Amino acid sequence: MESPLHVCSIQRGPYRIGTGQQSHRIVILMGLFVLVTFLILYGSNSLSKKAVSKETVSKEAYTPFHVATNHTLVTTDLKKWAGREGYVPVSGNKNMSLHCHNCALVTSSSHVLGTRAGEEIDHTECVIRMNDAPTMGYETDVGSHTTLRVVAHSSVYGLVHRPKEFLHRMDSKPTIIFWGPPSKISKDSKGTLYRLIQRVSMTYSSLSCFIVTPSKMRKFDNLFHRETGRDRQKSHSWLSTGWFTMVIAIEICDNIKVYGMVPPNHCIKKSGSKKMPYHYYKPRGPDECLTYLQNESGRRGSHHRFITEKQVFARWAKQYNITFTHPKW
């Protein structure tokens with residue numbers, strides 16, 4: 001006969017094992033509960049932040065970059081600012097001799113959608129576009145003709161990967177001006193981007209491809225300093241393609257009509273308006289105003305100063321026969 005102590009041990013053994021398993025399960029369930037609760041709270045907080053992000057940027061975090069308060073504006077005659085110098089041909093001995101009486105400058109903003117301005121744009125003497133903004137599929141609103149395209153170094157790949165859109169559909173004597181850091185696109189850089197641009201120029205002989213020279217790039221920087229009182233590099237600013245395109249358009253055009261560019265105060269007044277994609281050809285892209293406000297208030301890294309640039313454009317409009325439409329201002 002087994003001893004009472006032995007029987008007791010047999011009875012207690014299963015009890016101890018069951019209790020351990022139950023405790024372990026409780027700990028796991030509690031851990032899962034805490035984790036799920038955390039995820040729910042985090043998700044709600046994230047959604048809340050996204051919902052008010054635009055309002056927060058526009059009302060709290062937004063501190064305008066704008067023109068320096070102690071800066072005395074200096075009138076710059078852009079017609080004599082740099083002349084025809086500063087654009088070197090990628091191949092051959094071509095000169096940047098383009099001149100137009102009337103120009104349509106078509107922006108990449110989603111504000112051009114629904115305008116049905118395509119026919120009007122195509123009937124303009126010269127049509128200027130930016131980066132890799134397409135026309136195929138958007139002809140009704142943006143037209144299909146292109147006389148000049150100003151392309152940033154960051155958009156070269158997008159341009160080359162769709163040659164039928166950008167390199168075959170342009171007018172009989174199209175011009176492309178590439179701009180960017182000399183270390184990336186200048187002839188001396190011998191980098192991948194320059195070789196790619198060179199290949200495009202040689203493959204499509206009807207194109208007139210030019211690169212903005214390092215000295216001209218510095219002049220663009222100096223112009224920004226003169227017009228805003230801000231040093232581009234010290235203020236962590238990065239000039240937009242819109243800045244280069246507007247200056248080049250003033251150099252070559254007697255009259256300019258800009259399509260799709262909003263006025264300087266648009267995003268401050270319209271902080272509660274519906275989302276407008278930054279690019280008309282990227283409907284799921286970032287919101288235009290949120291992009292403008294975040295860049296304008298950014299102080300670290302490099303930022304486009306879209307609103308500040310538009311303030312300068314508003315002044316230039318009075319000097320150089322520039323009008324704005326869709327929206328009109």
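1. Disulfide criterion. A disulfide here is a pair of cysteine sulfur atoms within 2.5 Å. By this rule the protein has three disulfides. One of them joins C100 to C126, with an S to S distance of 1.9 Å.

2. Basis. This is a predicted model, in which local features need pLDDT of at least 70 and side-chain atom pairs count only at pLDDT 80 or more, while totals for chains, interfaces and linings use all residues. Residues are numbered from 1 along each chain as its sequence is written, and side-chain values use heavy atoms, with hydrogens and water left out.

3. Overall make-up. The protein has 13 helices and eight strands. These elements are DSSP runs numbered from the N terminus: helices are H or I with at least four residues, strands are E with at least two. Buried residues make up 47% of the 329 residues. Buried means under 20% relative accessible area, exposed means over 50%, and partly exposed lies in between, with a 1.4 Å probe and protein chains only. A contact means heavy atoms within 4.5 Å. Among contacts between residues at least 6 apart in sequence, 73% join residues at least 24 apart.

4. C100 and C126. The torsion about the S-S bond of this pair is about -80°, so the disulfide is left-handed. C100 lies in strand 2 (residues 100–106) and C126 in strand 3 (residues 126–130), so the bond ties together parts that are 26 residues apart in sequence. Both C100 and C126 are buried.

5. C103 and C253. A disulfide joins C103 to C253, at 2.0 Å from S to S. Its S-S torsion is -85°, and the link is left-handed. The pair links distant parts of the chain, 150 residues apart: C103 sits in strand 2 and C253 in strand 7 (residues 253–259). C103 is buried, at a relative accessible area of 3%. C253 is buried too, at 1%.

6. C267 and C289. This disulfide has an S to S distance of 2.3 Å. With a torsion of about -80° about the S-S bond, the disulfide is left-handed. C267 belongs to helix 11 (residues 266–269) and C289 to helix 12 (residues 288–297), and the two cysteines are 22 residues apart. Both C267 and C289 are buried.

7. Counting bonded cysteines along the chain, the disulfide pattern is 1-3, 2-4, 5-6. A further cysteine to look at is C209, which is buried with a relative accessible area of 2%.

8. Helix 10 against helix 13. Helix 10 (residues 241–252) and helix 13 (residues 306–319) pack at an angle of about 15°, with their axes 11 Å apart. That makes helix 10 roughly parallel to helix 13. For the geometry, axes are lines fitted to C-alpha atoms, for helices over the stretch in contact, and angles run from 0 to 180 degrees between N-to-C directions. Angles under 35 degrees count as roughly parallel, over 145 as roughly antiparallel, 65 to 115 as roughly perpendicular and the rest as oblique. The crossing of helix 10 and helix 13 is left-handed: the near helix is turned anticlockwise from the far one by less than a right angle, whereas clockwise would be right-handed.

9. Who makes that contact. Helix 10 contributes G242, W243, M246, V247 and I250, and helix 13 contributes E309, V312, F313 and W316. These residues divide into seven nonpolar, one polar and one charged. Ala, Val, Leu, Ile, Met, Phe, Trp, Tyr, Cys and Pro count as nonpolar, Asp, Glu, Lys and Arg as charged, and the others, Gly among them, as polar.

10. T245. This residue also lies in helix 10. T245 is buried, with a relative accessible area of 1%. Leaving out residues up to four places away in sequence, T245 touches L105, I128, M130 and V150.

11. Backbone points to check. Most residues other than glycine have a negative phi, and most peptide bonds are trans. R116 has a positive phi near 55° and is not a glycine. R116 is in the loop between strand 2 and helix 3 (118–122), and counts as exposed at 64% relative accessibility.

12. The segment after strand 8. H326 lies in this segment. H326 has a positive phi of about 55° although it is not a glycine. At 31% relative accessibility, H326 counts as partly exposed. A cis peptide bond joins H326 and P327, with omega about 5°. P327 is also placed in the segment after strand 8 (322–325).
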